[in-house]
Amino acid sequence: METIFAIPFPIMVIGADQQILGMNNCACAIFGANYQGRLYSNVIRQPLLLAAINEVFESGERREVPFIQSLAKQDVTHRAVCVYSENQSVVISFFDDSFQDEVEQLRSEFVANVSHELRSPLTALIGFIETMRGQEKIAPEIQAQFLGIMKRETDRMNRLIEDLLSLSRVEADERIRPAQTVEINTIISAAISICNGLTKQSKNEILFFPADIPKEAKLLADEDQLQQVFNNLIENAIKYGEAAGRIVVETQYLAHDPALRSAALSVCVTNQGEAIEMVHIPRLTERFYRVDEDRSRNTGGTGLGLAIVKHIVNRHRGRLKINSDPEQGNSFCIFLPLETEHDRF
Ligand SMILES: Nc1ncnc2c1ncn2[C@@H]1O[C@H](COP(=O)(O)OP(=O)(O)OP(=O)(O)O)[C@@H](O)[C@H]1O
Ligand SMILES: [Mg+2]
């Protein structure tokens with residue numbers, strides 16, 4: 001019986017006379033320590049588990065049922081496994097399945113979100129195909145208009161698929177440490193050139209203030225992924241910031257970042273414009289989360305950009321900080337650890 005005390009999950013042993021013979025500390029935390037001499041049916045209250053124990057006593061066969069532990073803040077679902085053991089006793093082990101449940105819930109939410117995102121462009125496409133099939137002659141200008149919309153909707157689906165694939169690649173690589181030594185200022189300049197195409201319409205001005213980084217400090221990174229991070233942050237600043245406003249990209253060398261506990265490099269992308277309400281800020285990196293759904297969809301956004309940024313920053317053992325202030329504007333900063341001489345020896 002003593003051996004059950006060393007087991008790190010709840011265990012209960014019930015004797016042939018239906019009395020509880022023993023429980024380890026984890027089980028006492030659920031059922032209370034005062035079990036000596038008590039019948040199991042007076043300690044366990046859940047009908048599903050009571051029926052399962054009864055069946056094991058009668059048939060000698062293993063039974064597995066869910067057992068819900070009600071805590072102050074939420075319920076924890078355990079898998080209760082009941083087996084027949086020596087001296088006609090029944091041993092019940094409880095396995096915490098809540099983590100598994102959470103993963104399952106996230107997975108089904110994700111599938112529902114993807115289906116929802118694909119549904120609206122698909123519905124539009126089906127509608128236009130049906131309309132065009134139903135009419136023998138369509139005026140060329142109407143046909144051109146329909147085809148233009150259909151092209152926009154297929155582009156949107158394409159972008160969504162590309163972003164989903166990109167997200168799954170980034171997730172798959174998350175545990176592989178990047179090993180390329182990269183030049184951050186070159187990567188940012190390239191991202192600014194790419195995004196400059198977008199500023200022609202929005203009339204934004206992008207200013208870049210690069211930092212002097214000591215030669216001995218090396219940034220080990222994945223160049224393509226960092227490029228993707230800056231493309232999205234700058235593109236967001238253009239899309240969601242003030243039209244014709246100023247966008248500032250600034251890098252800074254930090255000899256010691258207290259959160260990363262090492263030398264670090266920060267890159268902040270700041271735009272002027274409407275502040276983001278505090279309630280939204282912690283949720284911006286969730287997949288498909290958008291502050292203003294319609295506005296983001298109209299600009300062609302899939303709502304996956306910042307989720308991809310977060311995974312890339314995690315892979316680089318860095319951190320992302322979002323600040324919003326009506327005076328200072330919206331600023332998205334990433335902090336990346338640097339390797340210095342000191343770390344190499
Ligand atoms: N610089 C910013 N200023 C104000 N709001 C922002 C800014 N950057 C992001 N947001 C908000 O965060 C949301 C999520 O951004 P994210 O980059 O993840 O998605 P997206 O831009 O909508 O789509 P995608 O990046 O996939 O094209 C945006 O829809 C927007 O509401
Ligand atoms: Mg974006």
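**Figure 1. The shell around ligand 1, sorted by residue class.** In this predicted model, the shell around ligand 1 holds eight nonpolar, 10 polar and three charged residues. Here Ala, Val, Leu, Ile, Met, Phe, Trp, Tyr, Cys and Pro count as nonpolar, Asp, Glu, Lys and Arg as charged, and the others, Gly among them, as polar. Altogether 21 residues surround the ligand, and the closest are Asn236, Val291, Gly301, Gly305 and Leu306. A residue is near a molecule if its C-beta atom, placed from the backbone, lies within 6 Å of it. Two helices, α7 (223-240) and α9 (305-315), each supply at least two residues of this shell, and α7 gives the most, with four. Helices (H or I, at least four residues) and strands (E, at least two) are DSSP runs, numbered from the N terminus.

A note on reading all the views: residues are numbered from 1 along each chain as its sequence is written, while chains are lettered from A and ligands numbered from 1 in the order in which they are written. As the model is predicted, local features need pLDDT of at least 70 and side-chain atom pairs count only at pLDDT 80 or more, whereas totals for chains, interfaces and linings use all residues.

**Figure 2. Helix α9 and what its buried residues touch.** Take a look at Gly305, Leu306, Ala307, Ile308, Val309, His311 and Ile312, the buried residues of α9. Buried means that 20 or more other C-beta atoms lie within 10 Å of a residue's own; exposed means 12 or fewer, partly exposed is in between, and C-beta atoms are placed from the backbone. These buried residues pack against α5, α7 and β11, with contact taken as C-beta atoms, placed from the backbone, within 7 Å. After α9 comes Arg317, with a positive phi near 55°.

Figure 3. The strands follow the order β7-β9-β10-β12-β11, with mixed pairing; two strands pair if DSSP finds at least two bridges between them. Because β7 (205-209) and β11 (319-325) stand at the edges with a single partner strand each, one side of each has no neighbour in the sheet. On average, neighbouring strands are turned by 20° against each other, direction ignored. Helix α6 (residues 184-202) packs on this sheet and touches β7, β9 (246-257) and β10 (262-271), its direction making about 175° with that of β7. Axes are lines fitted to C-alpha atoms, for helices over the stretch in contact, and angles run from 0 to 180 degrees between N-to-C directions.

**Figure 4. The pairing of β11 with β12.** Strands β11 and β12 (residues 329-337) run antiparallel and are joined by seven bridges. In this pairing, Asn323 stands opposite Ser331 in β12.

Figure 5. Gln88 sits in the loop between β4 (75-84) and β5 (90-96), and is exposed, with 12 other C-beta atoms within 10 Å. Its phi is near 55°, a positive value in a residue other than glycine. Lys203, in the loop between α6 and β7, has a positive phi near 65°; with 10 C-beta neighbours inside 10 Å, Lys203 counts as exposed. Gln135 lies in the loop between α4 (98-134) and α5 (140-173) and is also exposed, because it has 10 C-beta neighbours inside 10 Å. From Gln135 to His311, 176 residues apart along the chain, the C-alpha atoms are separated by 48 Å.

Technical notes
Contact = placed C-beta atoms within 7 Å.
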